[in-house]
Number of protein chains: 2
Amino acid sequence: MPELRRDPVIGRWVIISSERGRIPSDFGKESEDEEGKICSFCPGNEHLTPSEVLAYRKFGTQKDKPGWWVRVVPNKYPVLKVEDSPERSGEGMYDKMNGVGAHEVIIETPEHKKELSELDDKNVEDIIWAYRDRIMDLKRDIRFEYILIFKNKGTAAGASLVHPHSQLIALPMVPIRVQQEIQGAKQYYDYKQRCVFCDIIREELENEQRIVIENDDFVALCPFASRFPFEIWILPKKHDSQFEDLQKHEAVMLTQILKSIISKINNTLGEPPYNYLMHTSPLKETHLSHYHWHLEVMPKLTKVAGFEWGTGFYINPTSPEEAAKYLREIG
Amino acid sequence: MPELRRDPVIGRWVIISSERGRIPSDFGKESEDEEGKICSFCPGNEHLTPSEVLAYRKFGTQKDKPGWWVRVVPNKYPVLKVEDSPERSGEGMYDKMNGVGAHEVIIETPEHKKELSELDDKNVEDIIWAYRDRIMDLKRDIRFEYILIFKNKGTAAGASLVHPHSQLIALPMVPIRVQQEIQGAKQYYDYKQRCVFCDIIREELENEQRIVIENDDFVALCPFASRFPFEIWILPKKHDSQFEDLQKHEAVMLTQILKSIISKINNTLGEPPYNYLMHTSPLKETHLSHYHWHLEVMPKLTKVAGFEWGTGFYINPTSPEEAAKYLREIG
């Protein structure tokens with residue numbers, strides 16, 4: 001069973017994933033799957049993954065067989081496990097908790113090497129619906145407090161497999177990073193009586209210099225205090241604290257803007273590794289006036305080093321104004 | 001002038017280092033200095049760095065000439081600059097500040113490729129004294145609130161030069177990461193009336209399973225909630241909130257334990273990239289009962305990816321008990 005442990009000074013939780021147990025000689029060897037190796041995410045190899053929890057597939061095709069275009073399976077090496085209660089206990093002066101949670105993989109396409117921006121609109125829209133369907137299903141499990149959806153693309157961004165996929169992790173607590181963001185947004189709301197993200201959208205659309213692209217329902221911009229060069233946030237124009245409230249029309253518009261952003265990143269920066277992550281409200285806090293869901297996209301171009309670890313500050317060598325300009329100009 | 005910008009939601013500052021200005025084609029090219037390239041940190045090339053602010057050198061040798069064994073110079077590409085006042089201003093709804101600070105490089109040895117663990121004890125002790133001397137000097141500048149000392153070793157850990165060096169950054173504010181640590185330690189102290197780090201040292205020395213090594217004045221351990229595999233903290237046994245109070249005997253003991261830890265990391269993990277960073281109290285908060293300076297050493301073995309960015313949690317595949325066992329056993 002993985003173990004959640006709490007740092008007694010800073011209150012940060014870590015997952016000690018003993019089942020992924022790595023010994024010294026395991027490190028430095030990781031690389032994306034080599035040519036010729038069998039890909040467990042490719043059609044025909046469905047038996048190599050745990051049984052699917054969701055698939056959008058052709059009528060008449062069988063579960064765990066080919067015929068799908070988006071397929072969701074439990075992670076074979078989960079960092080957290082579903083079977084158990086989130087019991088807390090002490091160990092000497094320390095605090096720990098059972099590693100309860102869910103860890104799933106969203107296989108985005110049957111094609112082994114197709115970037116999200118190259119997929120059909122319908123396929124990308126269905127990836128988005130798969131995110132939502134899984135959230136709606138897992139939400140019914142009262143042990144879970146938060147669900148994070150994220151994508152690691154490329155070895156340097158933490159991906160261990162090439163085949164296009166995103167991940168979902170359901171957690172038995174609201175993580176500190178999310179708490180801080182919501183707290184910050186709450187402070188702003190208490191002072192101004194306005195959502196800080198709504199204010200950002202208004203200000204940026206007026207100012208224009210950090211806007212990358214917009215459509216009916218969404219705006220993509222390089223945030224004023226970007227941590228990373230070419231960091232991009234995609235925000236819904238209409239205030240809503242939770243992603244899963246997404247309407248059909250918004251799913252179409254999100255598809256459009258997400259494909260365009262990924263394509264702009266690839267064309268501007270030569271297909272860099274990247275991460276994207278959904279920022280949405282905790283499962284049990286619905287319809288918050290002070291929080292606004294969004295997607296953060298971060299190309300992996302620089303390295304986090306001693307300074308960042310020691311301060312929590314970031315050094316960004318490209319201003320968001322410059323970054324937005326490059327991204328706007330290149331298709 | 002570099003610019004400090006504050007994220008309006010989470011309150012995190014970033015440094016937009018426009019003078020390091022990077023355009024899309026600059027990324028993906030960084031690598032450590034190639035064979036044959038002239039190293040500006042090697043003796044004889046002193047003219048390639050800004051003029052030294054400190055050097056321990058042979059009697060009779062000249063400033064900015066060979067003859068030194070530890071040399072401190074301003075960073076040629078500083079992320080923050082000394083000339084100016086830390087003025088704050090607004091830009092629309094956002095907050096920013098002049099990028100005032102100091103950024104120095106501690107060149108640890110004249111030898112181009114010698115690891116810290118291979119240097120003479122006297123050399124390493126003098127690196128430690130150089131850290132302290134620079135803190136004592138910069139402390140007199142009342143614009144500075146915090147000084148961070150850190151080392152990036154290896155490209156993956158953020159180093160851009162091979163020649164052994166550490167860095168120092170003086171900041172016009174106490175960074176958020178330091179504030180959080182001190183706040184956490186204060187909460188513990190308010191509740192228990194004891195320093196949390198003193199408690200950790202006591203508990204770990206009794207329990208033994210996470211101890212790597214100890215000597216008269218210091219203990220090195222893998223913390224209970226290690227974020228990274230083989231993460232190690234070196235703590236002084238005697239309570240003190242600030243590194244610069246270091247006594248002569250402690251400098252000798254710190255030299256011994258630091259050399260031994262670096263050597264153990266290299267022997268156990270095959271000379272991995274690593275970072276170490278000094279955690280010490282803010283310049284204007286002296287002799288805190290609730291805070292305890294220490295050095296955190298983090299071999300760079302795993303990648304920070306979407307999950308960590310989204311939650312602030314860390315996934316660690318090697319338990320600290322296992323890591324300490326490996327490190328204890330290997331010299």
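## Basis of the model

Helices (H or I, at least four residues) and strands (E, at least two) are DSSP runs, numbered from the N terminus. This is a predicted model, in which local features need pLDDT of at least 70 and side-chain atom pairs count only at pLDDT 80 or more, while totals for chains, interfaces and linings use all residues. Residues are numbered from 1 along each chain as its sequence is written, and chains are lettered from A and ligands numbered from 1 in the order in which they are written.

## Chain A overall

Chain A holds 6 helices and 15 strands. Its C-alpha trace spans about 55 × 50 × 40 Å along the principal axes. A compact globule of 331 residues would have a radius of gyration near 20 Å, and chain A agrees, with 20 Å. The radius is taken over C-alpha atoms, and the globule rule is 2.2 Å times the number of residues to the power 0.38.

Of the 331 residues in chain A, 50% count as buried. Buried means that 20 or more other C-beta atoms lie within 10 Å of the residue's own; exposed means 12 or fewer, and partly exposed lies in between, with C-beta atoms placed from the backbone. Two residues are in contact if their C-beta atoms, placed from the backbone, lie within 7 Å. Among chain A contacts between residues at least 6 apart in sequence, 68% join residues at least 24 apart.

## Positive phi in two loops

Most residues other than glycine have a negative phi. Gln193(A) has a positive value, near 60°. Gln193(A) sits in the loop between α2 (176-192) and α3 (196-207) of chain A. Gln193(A) counts as exposed because it has 9 C-beta neighbours inside 10 Å.

Glu271(A) is not a glycine either, yet its phi is positive, about 50°. The loop between α4 (248-269) and β13 (274-279) of chain A contains Glu271(A). With 14 C-beta neighbours inside 10 Å, Glu271(A) counts as partly exposed.

## Helices α1 and α4

In chain A, the axes of α1 (residues 121-138) and α4 come within 9 Å and cross at roughly 110°. Axes are lines fitted to C-alpha atoms, for helices over the stretch in contact, and angles run from 0 to 180 degrees between N-to-C directions. α1(A) and α4(A) are therefore roughly perpendicular (65 to 115 degrees; under 35 is roughly parallel, over 145 roughly antiparallel, the rest oblique). Their crossing is right-handed, meaning that the near helix is turned clockwise from the far one by less than a right angle. From α1(A), the contact takes Asp121(A), Val124(A), Glu125(A), Ile128(A) and Trp129(A); from α4(A), it takes Ala251(A), Val252(A), Leu254(A), Thr255(A), Leu258(A) and Lys259(A). By class there are 7 nonpolar, 1 polar and 3 charged residues. Ala, Val, Leu, Ile, Met, Phe, Trp, Tyr, Cys and Pro count as nonpolar, Asp, Glu, Lys and Arg as charged, and the others, Gly among them, as polar.

In chain B, α1 (residues 121-138) and α4 (residues 248-269) have axes that come within 9 Å and cross at roughly 110°. That makes α1(B) roughly perpendicular to α4(B). The crossing is right-handed.

## Contact between the chains

Chain B gives 76 residues to the contact and chain A gives 75. On the chain B side, helix α2 (residues 176-192) contributes the most, with 8 residues. The chain B side divides into 40 nonpolar, 23 polar and 13 charged residues.
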